[in-house]
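Subject: Structure for you to look at

Hello,

The sequence and structure are below. My notes on a pocket and a strand follow.

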Amino acid sequence: MNYLSEMLKLPVIDSTGEKMGVVNDLGIATGEVFPRVTSLAFQGPSKTPFMISWRKYVDHFDDDGVYLKYPSTDIRFSYLQPDEVLLARDIMNKQIVDTQGMKVVRVNDIKLSASGENQLRLLGAEVGARGLLRALHPAIERAVSAVAKALGKPLPEDIIAWSYMDLLERSTQQIKLSVSHKTLGELHPADIADIIEQLDPRLRSQVFAQLDTSQAAEAITELDDDELVAEMLEGLSDRDASSMLAMMDPDDAAALIDELDYEKAEKLLRLMGVKEEKAIRTLLGYEDDTAGRIMTSEFVALPGTATVADAVNALKRLDEDFESVYYLYTTDADGVLSGVLSMRALVIAESDELLRDLAYRDVVYVEPDRDQEEVAEEMSKYNLAAIPVCDENRHILGIVTVDDAMDVMTEEHQEDLQIAGVSASGENTTGETSHAIAWFVQRQYWIVVWAVCSVIMASVLNTLCDNSMLFIFPMCAMPVVLLAATRMVAFVKNFFLENDDGDDEKRPYLWFWLQNTVTGLILALVVYLCGQLVATAAFTDITVWKAQLFISCFNVAALVTLLSSMSSVIYLKVLYWCDEHDKAVSGTAMQLTSVLISAVLFSALAILAIVSIMGA
């Protein structure tokens, strides 16, 4: 008896052999690493719920039932204690945070460990396929497991230990879990952000509420979705949201406030301290995507006449949540930026040395209106961990740190990929895939739409057109040629973006050509069959030559579609060549070229078919 699903519905039998009901839940005390089962909940006659102490009343249990020590007349019922939770009600089929794997999972079953005849402990949650099958019925789980084992691919247990679990859904009672959310709060803010992004919307605020203000401030800055950030802020009270924003670095707070509507943003700013409000408003005064917008006003600058000892004392006086200090900047008597020292230079120097004698004077800086991408490139060029932002008089306004520069580079890279049709995660924003068969399956619906439209158009042309309007007939088949050419280039482009490893010898040209040829054959066959169906549906009278003409146009379309798919390797070669020689190539230009070639080839072959049929 190792799982909760196996214990549910077992009969509860007293010492006289009388059946008192069936098990419907187990209660545990949460204050232990592997919690003991402390309560037995069962359903009595007329579905009346009862709860008793497990330790006091349970004698033993087996596959046939749970046996009590006393007769039913001597048993006193109890209630769930504040430090207890019910396994079936509060954990089964609920979402939990796996704080070891740092992901959100759903509990399919709960694994228990028996010690002695009447002791049960909770080991962890089963979140894998076996737990799901077992929850349906133990027999199903055993059968599937046996089949999988016979095939050489056994179904493993996927257990998350209780010590690595954080409950996300809890009952409406005031249940306090001794381990709940303590481990969640100990995760890195980026990991907490990842977990929040995985959660159902109704659970996000519950998890967010378990974090203290500083943890919430750090976690929310790691969220990538601007709408989700706004949702998190809207879910907080104005005072809590304002306090959280005030604890952030000014540039991060400014970025978040910029996502809110004007009234909400103003309200939060007014609730802050004067210093924090001024710093954030200053940053909001700069244009988007500029150095001024992403800089932080937290930096260390001292007169060049100060000593190393003065600098060390200044660093010691900084607040604990001060922006990371990468460099110390020096200024002259007029407050003009005059030099920069690394922390290493400061540490190895004598305490009485002057900063101006140690500082590097050729300081690289940027203007506040400089584009953020240029700032990131400047930092990359000079290998800087931070770069000062100065006004026209070279007075320091703030600094852009390496983490902000990395965010900018990631953002710009993602935008470049989106322009190309691929997301930063490798997902295709245009709906295309780089797998040939999957690409065909995902996009086959447009063939159906085209075939229906072709039937309608063919029927109209069959009625209205005479010999002088034969040039209109190929229009029914032309769309499939153009669409196939466009999709083919999009597929090649995405394959190139997702599979470029820089090694020409390992590039799968032959395999790429073969799979595209197979895909082209399938698509050509579909086009051919569509031609037969269109002719059958649209031409029911004696105009046999028109039906032949339509079928010929569709056959030509099938042939051109196949040739287009087979030529895909040429476009792939072009992309690799351009990449190796740093040549810019436009995806739109490639698509237009492919469409033009396909259109010309189709038109030429269609004209030959018309001439041939009419001549006959």
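**The largest pocket**

Helix H20 gives the most to the lining of the largest pocket, with nine residues. This is a predicted model, with pLDDT of at least 70 needed for local features and 80 or more for side-chain atom pairs, while totals for chains, interfaces and linings use all residues. Numbering starts from 1 along each chain as its sequence is written, and side-chain values use heavy atoms, with hydrogens and water left out.

A pocket here is an open set of points on a 1 Å grid over the protein atoms alone, where a 1.4 Å probe fits, with protein on both sides within 12 Å along at least five of seven lines; lining residues have an atom within 4 Å of a point. The lining has 45 residues, and Thr221, Leu223, Asp252, Asp404 and Asp407 lie nearest the centre. Of the lining residues, 21 are charged (Asp, Glu, Lys and Arg).

**Strand S15**

Helices (H or I, at least four residues) and strands (E, at least two) are DSSP runs, numbered from the N terminus. S15 (residues 327-331) is largely enclosed by the rest of the structure, because five of its five residues are buried, meaning under 20% relative accessible area with a 1.4 Å probe, protein chains only. Tyr327, Tyr329 and Thr331 cover one side, Leu328 and Thr330 the other.

Strands pair if DSSP finds at least two bridges between them. Tyrosine 329 stands opposite valine 340 in S16.

Regards

Definitions and conventions: Buried < 20%, exposed > 50% of the residue type's maximum accessible area, 1.4 Å probe, protein only.
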